[in-house]
Amino acid sequence: MSQLQAADLGLESVGTLYHNLDYDQLFKHEQDRQEGAVSDNGTMMVDTGTFTGRSPKDKYFVRQAPSEDNIAWGKINQPVSSEVFDELYADTVAYLAGKDLYVTDGFCGSNPATRKSVRFITEFAWQSHFVRNMFIRPGAEDLAAFASNFTIYNASNYLNEKWQKHGLNSDVFVVFNIEKNVAIIGGTWYGGEMKKGMFTMMNYWLPLENILSMHCSANVGNKGDVALFFGLSGTGKTTLSTDPRRKLIGDDEHGWDADGVFNFEGGCYAKCINLSEENEPEIYGAIKRDALLENVVADESGQVDYDDGSKTENTRVSYPIDHIANHEPDLKGGHPQNIIFLTCDAFGVLPPVSRLTKEQAMYYFLSGYTAKVAGTERGVTEPQATFSACFGEAFLPLHPTVYGKLLGQKLEEHGVNAYLVNTGWAGGGFGVGQRMSIKATRACINAILDGSINSVEFDQTQFFKLHIPKALPGVDGNLLNPRNAWTDKDAFDATARKLAGMFIDNFKKYVVAGDVDFTQYGPQL
């Protein structure tokens, strides 16, 4: 029960408030309210209904001063008027009024100097469970003095019937009001909207303080050597950063300030499709009591079939980071020695590993090439080639070059090594070639992290001018040069030219008069 009153939450009335329940209490609520089922090992399983991924076409920012001068408006950051927001906000709080609600307080950011205090107001116990997993849990002293910097109202069951009048995409909405430090969510149950909503806000706040915000995972070795893994969902950020020989700092969202790298979150959000104990033992072992499975298929005994994607390919599990035995308790590290850009190349053209110059690193960071993986977004049923600036354009309120310039400054200042690693296809594109094995990718990552990749001979690819190892322990030599893995060399050349052309066309928007042009460091035709 809570000492909070309805007025403290901006509501006219409220039923029972469940404020900062612990895991045992939430587990009981989930069972009593029949919000999910329990797996055979005690993990709660929930379904998120129609929405098993984010709904990016339903995300908006209120267009108003002064934030409107900072935001890069367009398809990613769609505007909505303050009048529409005020009406939607009033409808949202009216919908929540009188209901039993879960209020969960947390921190976003492990650096006390820049962290944000966030309050989540939700209808369901499992949603409170989710944000408790994903955000940093304040201690008793912090909670006693907790003052929210930002509040998210999640009215997932409320549909906006006035969406056409409001000029919106559908009856679903995710709207951010930067000046009022509020976001409202309606019509979607997908938990990731809350997680990525706060990531989006951190991507607004931090760069304005000259701190780089990043869509990446991070880990640290025994010698204090930090590595960053950039990539979109499904490219391997969580899998590859979860390494028994290195401490996990975090699996998805980080900042990089004058002291080093710090995690935004207190948990992990891993994809579960085709998960196995053999290939990903740490993640598999993290799925236990207090974790939360989304949209998985289980039999009557509660045994989960991780290979079953009949509900969605985007099956997920959230868990507190302490479910990974070898994690960094402070959720922080020093300045990185290695940066790895993970790409899922659906064309089968890019090498499994390439060493990048600083200029190439800037080019591939701004390009953010990968493939959207099935189920991550609505309407995506098979991998699709895409360019997502900074490997996370969907979450960038500012122009991508703001983040690009900050990365360039960091690379220069700290002498960081950069690599491009393809976790996609080899020997042909999607439907023809084969997906890179985790074993081969691990061998590439290990060579980067232990420095052995620096002692091998390198070759250069024809169109992309990428520096690739001639040989690397644990990796089939025919894979290292992707052309060799194709039976039809002419088909490879034609496909490589096609992809190179896509890179060139995409990068034109980053060529600004008077600014540094990195075009020459990308593919050439």
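This report walks through a predicted model of a protein, from its overall build to a few individual residues.

## Overall build

Let's start with the whole chain. The protein contains 13 helices and 30 strands. Its radius of gyration is 23 Å, close to the 24 Å that the globule rule gives for 525 residues, so the protein is as compact as a globular protein of that length. Along the principal axes, the C-alpha atoms fill a box of roughly 70 × 55 × 45 Å.

Contacts across the sequence are also worth a look. Taking contacts between residues at least 6 apart in sequence, 72% join residues at least 24 apart.

## Surface and charge

Of the 525 residues, 60% count as buried. The protein exposes about 20400 Å², and carbon and sulfur atoms supply 46% of that area.

As for charge, there are 46 positive and 66 negative side chains. The centres of these two sets lie 5 Å apart.

## T370, a buried strand residue

T370 sits in strand β24, which spans residues 369-372. Its relative accessibility is 0%, under the 20% cut-off, so T370 counts as buried.

The side chain of T370 has a polar atom 3.1 Å from the backbone nitrogen of C344. Beyond its neighbours within four places in sequence, T370 is in contact with L232, T235, T343, C344, Q384, A385 and T386.

## L143, a partly exposed helix residue

L143 belongs to helix α4, residues 140-144. With a relative accessible area of 32%, L143 is partly exposed.

Setting aside neighbours within four places in sequence, L143 is in contact with N20, D105 and P138. G106 is 37 residues from L143 in sequence, and their C-alpha atoms are 8.7 Å apart in space.

## Backbone features in the loops

Some backbone details in loops deserve a moment if you are browsing the model. The peptide bond from A65 to P66 is cis, with omega near 0°. P66 lies in the loop between β4 (59-62) and β5 (78-80).

F391 has a positive phi of about 55° although it is not a glycine, and F391 is placed in the loop between β25 (384-387) and α10 (400-414). Its relative accessible area is 1%, so F391 is buried. K465, also a residue other than glycine, has a positive phi near 55°. K465 is found in the loop between β29 (458-460) and β30 (467-469), and K465 is partly exposed, at 34% relative accessible area.

How values were computed
Residues are numbered from 1 along each chain as its sequence is written. This is a predicted model: local features need pLDDT of at least 70, side-chain atom pairs count only at pLDDT 80 or more; totals for chains, interfaces and linings use all residues. Side-chain values use heavy atoms; hydrogens and water are left out. Helices (H or I, at least four residues) and strands (E, at least two) are DSSP runs, numbered from the N terminus. The radius of gyration is taken over C-alpha atoms; the globule rule is 2.2 Å times the number of residues to the power 0.38. Buried means under 20% relative accessible area, exposed over 50%, partly exposed in between (1.4 Å probe, protein chains only). Contact means heavy atoms within 4.5 Å. Accessible areas come from the Shrake-Rupley method with a 1.4 Å probe; for residues, only the protein chains shown count as cover. Lys and Arg count as positive and Asp and Glu as negative; His and the chain ends are not counted. The place of a charge is taken as NZ of Lys, CZ of Arg, CG of Asp or CD of Glu. A polar contact is a pair of N or O atoms within 3.5 Å; within protein, one must be able to donate a hydrogen and the other to accept it, and residues adjacent in sequence count only if both atoms are side-chain atoms.
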